[in-house]
Amino acid sequence: MKSDSNNFELGKINRRALLQLAVASAALGIGFNQVSAKGLRVVVAGAGIVGASIAYHLAKAGAAVTVVDQEGPATHASRGTFAWINATWAKQPRHYHAFNQDGLSGWKDLQQALKIPIRWQGSLEWYEQAQRQEKLKQQIREQVAWGERARFVSSHELALLEPQVNFRGARNVAYSENDGAVDPVVATNALLQAASSYGATIKYPCTLNDVILRSGRVIGVATTGGEIKTDKVVLATGAAPGVGQRIAGFEIPQRSTPGVIAVTEPLSPVLNRVLVAPGIHLHQRDDGRIVLGEQAGAPQNEAHAKRLEGRPDRFPGKELALQHAKRMIDIAVQFLPAISGVNVKQVYIGWRPLPLDGHPVLGVSPVRPDVYLAVMHSGVSLAPIVGQLAAHEIVSGVTSEHLDKYRPDRDYQLVRRY
Ligand SMILES: Cc1cc2nc3c(=O)[nH]c(=O)nc-3n(C[C@H](O)[C@H](O)[C@H](O)COP(=O)(O)OP(=O)(O)OC[C@H]3O[C@@H](n4cnc5c(N)ncnc54)[C@H](O)[C@@H]3O)c2cc1C
């Protein structure tokens, strides 16, 4: 792959990057549409939000796309996710923050193009501990310097923004106005449907088991649904262990961590924004359901480690799931009394696809150049920009410098972000 090495302005890569790529592709005589006219065949493994976005952009560009998923659309992280679309302080350092900002603007485009419902009401965040709260002040200063519409709001304004929320005397609540939240299952299905409208085939349950090689190049894949001829393979298989080694000859170092998500029955409107309150995250979807995410991870003890072996995505029984959800609701009720007594309808254990350094992995396998890896956390925030740039790289063969920091063969240093 050749590299497009023009300079770029952080946080503004969405349109400019694509324009630069188009120019670079044309200079090499391999324009976007010309390549697609050759009928490039691509198998995308993984019908989560990341695979769905890549499939959509590939199919839209004219590639012959087959999406395979061992279970079905949005059945793993893209279902058990909090689905907050953000570029807030946790997105470090600046290049990654800027990449998430591009994710946000990508969602605005997709929202229009595919009519995906997204709540753009921002988020409100605060902590109990004075020290943490002090750090938040620094983080908000940095956010502002990086172009985020973030600020602290007075209690008077808080009461106007969220009349039903009890902030329990919190001062210095940070308001990040750009943030949104989406129903990830609705969004994934919308992307897949749009991909189908451009001719993509979606197959599930269908597990990708192997690649078929000739002279070191991919000519097909072996799946539980039979062989599929293809020129390229995209691995958007999230936290699934072992797939990288088997298909790409390269395993991404990951430290996938679990998180519990509870979704309630629909309620009348009680909450406008994403609330990042002490001990709990919550937001209300357009359909009235409240989504709760626990803040503390699983306890680090042997009993828990045993229970989490095999990465279950559900609790062993309904009673245990509801007990866990009740603990989350009890915390949330302190801040949002209106949800007292609400029924919880779903409880998921989501496993974060989490490369060791917390950053996305995007690009061709260092061992198999026909296999493109796309594994990441914050895949909900990032799906639109990842879909655009990955699809363009795959179709044109031109690499984007905007993804240079996220290549699979980088040196991974452990960073505990989630
Ligand atoms: C608790 C929790 C909270 C989160 N909160 C946020 C948030 O607020 N904002 C945010 O941006 N991100 C958040 N994330 C991260 C985000 O959800 C993920 O980054 C995103 O969903 C990843 O999407 P994906 O498509 O890569 O992976 P997945 O949704 O996991 O999809 C991978 C798919 O690959 C399939 N697959 C695996 N192996 C094979 C195979 N061999 N053959 C065929 N198919 C295969 C699986 O069945 C699965 O459907 C959160 C994650 C969790 C778990």
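The questions and answers below explain how some terms apply to this predicted model.

Residues are numbered from 1 along each chain as its sequence is written. Because the model is predicted, local features need pLDDT of at least 70 and side-chain atom pairs count only at pLDDT 80 or more, while totals for chains, interfaces and linings use all residues.

Q: How many helices and strands does the chain have, and what makes a stretch a helix or a strand?
A: The chain has 11 helices and 22 strands.

Q: Why is the chain called as compact as a globular protein of its length?
A: The globule rule is 2.2 Å times the number of residues to the power 0.38, and the radius of gyration is taken over C-alpha atoms. For 418 residues the rule gives 22 Å; the chain has 21 Å, which is close, so the chain is as compact as a globular protein of that length.

Q: Why does Ala 83 count as buried?
A: A residue is buried if 20 or more other C-beta atoms, placed from the backbone, lie within 10 Å of its own, exposed if 12 or fewer, and partly exposed in between. Ala 83 has 26 C-beta neighbours inside 10 Å, so Ala 83 is buried. Ala 83 is in the loop between β3 (64–68) and β4.

Q: How do you know that the span of α10 is close to the expected one?
A: The expected span is 1.5 Å times one less than the number of residues. Helix α10 (residues 318–335) has 18 residues, for which 26 Å is expected, and its first and last C-alpha atoms are 26 Å apart.

Q: Why are the buried residues of α10 said to lie on the same side?
A: The buried residues are Ala 325, Met 328, Ile 329, Ala 332 and Phe 335. The arc is that of the directions from the helix axis to the C-beta atoms; theirs is only 105 degrees, which puts them on the same side of α10. The face turned away carries the exposed residues Glu 319, Gln 323, Lys 326 and Asp 330.

Q: What makes β11 and β12 a pair?
A: Two strands pair if DSSP finds at least two bridges between them. Strands β11 and β12 (residues 217–223) are joined by 6 bridges and run antiparallel, so they meet the rule. In one of these bridges, Leu 208 has Thr 223 as its partner. Strands β12 and β13 also pair in the antiparallel sense, over 4 bridges, and a hairpin joins them through 2 residues.

Q: Why do β11 and β13 stand at the edges of their sheet?
A: The open sheet of 3 strands has the order β11-β12-β13. β11 (208–214) and β13 (226–229) each have a single partner strand, so one side of each is left without a neighbour in the sheet.
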